[in-house]
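Open the model in your viewer and keep the selection tool at hand. The tour goes from one stop to the next.

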Amino acid sequence: MNLKNEIKDFSLNFFSLKGKAAVITGGNSGLGQGFALALAKAGADIFAVSIADDHDETRTMIEAEGVKYHLMIADITQDGVCNEVVEACIRTFGKIDILMNNAGIGINEPDVTKLQELNGIK
């Protein structure tokens, strides 16, 4: 077998996500929005979960890639909400193939001892 022919025959279709459904927490802002767009460009339908509405900014970008987009406004830190997200995605797209846990907050605090106070840890 000739390795040069194998490399030459390589195709980006091996990385296609066409027909896959992705759940992305924090998927309509910052890095999550970037990840959502990247997965959409690869062909995945996007189910974004966020605590804030972005007034269809992400929807416009994602749907321009020819895939489906759904935004669920939810706080995944609340009991039972993650189960609701799973059920909603399955109702919307029929399945979940990809899960990207991206939701979070950024705290600009140079004194790390104050981070515990911000998180309610004593």
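Select aspartate 56. In this predicted model, Aspartate 56 has a relative accessible area of 41%, so it counts as partly exposed. Aspartate 56 sits in the loop between E2 and H3. Its phi is near 70°, which is a positive value in a residue other than glycine.

Now select histidine 55, which is found in the loop between E2 and helix H3 (57-63). Is histidine 55 buried or exposed? Its relative accessibility is 69%, and histidine 55 therefore counts as exposed. Histidine 55 has a positive phi too, about 55°, although it is not a glycine. As background, most residues other than glycine have a negative phi.

**The sheet**

Show the strands next. In what order do the strands of the open sheet stand? The 4 strands follow the order E3-E2-E1-E4, with parallel pairing. E3 and strand E4 (98-100) are at the edges; each has a single partner strand, so one side of each has no neighbour in the sheet. On average, neighbouring strands of this sheet are turned by 15° against each other, direction ignored.

Select strand E1 (21-25). E1 is mostly covered, as 5 of its 5 residues are buried. Ala21, Val23 and Thr25 point one way from E1, while Ala22 and Ile24 point the other way. E1 pairs with E2 in the parallel sense over 5 bridges, and alanine 21 stands opposite aspartate 45 in E2. E1 is joined to E4 by 3 bridges, and these two strands also run parallel. Here alanine 22 stands opposite isoleucine 98 in E4.

H2 lies across E1, E2 and E4 and runs at about 170° to E1.

Then colour the largest nonpolar core, which has 14 residues. Those with the most contacts inside this core are Ala22, Leu39, Ala44, Ile46, Ile62 and Tyr69.

Zoom in on leucine 39. Setting aside residues up to four places away in sequence, leucine 39 touches Leu17, Ala22, Ile24, Ala44, Ile46, Ile98 and Met100. There is also a second, separate core of 11 residues, which includes Val49, Val81, Ala88 and Phe93. In soluble globular proteins, nonpolar side chains tend to be buried together.

**Helix H4**

Go on to helix H4 (residues 81-93). H4 has 13 residues and reaches 18 Å from its first C-alpha to its last, close to the 18 Å expected at 1.5 Å a residue. Which residues of H4 are buried? They are Val81, Val85, Ala88, Cys89 and Phe93. An α-helix has 3.6 residues a turn, so residues three or four places apart point the same way. Asn83 and Arg91 are exposed on the other side of H4.

Show the sheet again together with H4. H4 packs on the sheet and touches E1, E2 and E3, and these strands are among what covers its buried residues. The direction of H4 makes about 150° with that of E2.

For the last stop, select glycine 94, which follows H4. The phi of glycine 94 is positive, near 85°.

Methods:
Residues are numbered from 1 along each chain as its sequence is written. This is a predicted model: local features need pLDDT of at least 70, side-chain atom pairs count only at pLDDT 80 or more; totals for chains, interfaces and linings use all residues. Side-chain values use heavy atoms; hydrogens and water are left out. A nonpolar core is a set of buried Ala, Val, Leu, Ile, Met, Phe, Trp, Tyr and Cys residues joined through side-chain atoms within 4.5 Å. Buried means under 20% relative accessible area, exposed over 50%, partly exposed in between (1.4 Å probe, protein chains only). Contact means heavy atoms within 4.5 Å. The expected span of a helix is 1.5 Å times one less than its number of residues. Two strands pair if DSSP finds at least two bridges between them. Axes are lines fitted to C-alpha atoms, for helices over the stretch in contact, and angles run from 0 to 180 degrees between N-to-C directions.
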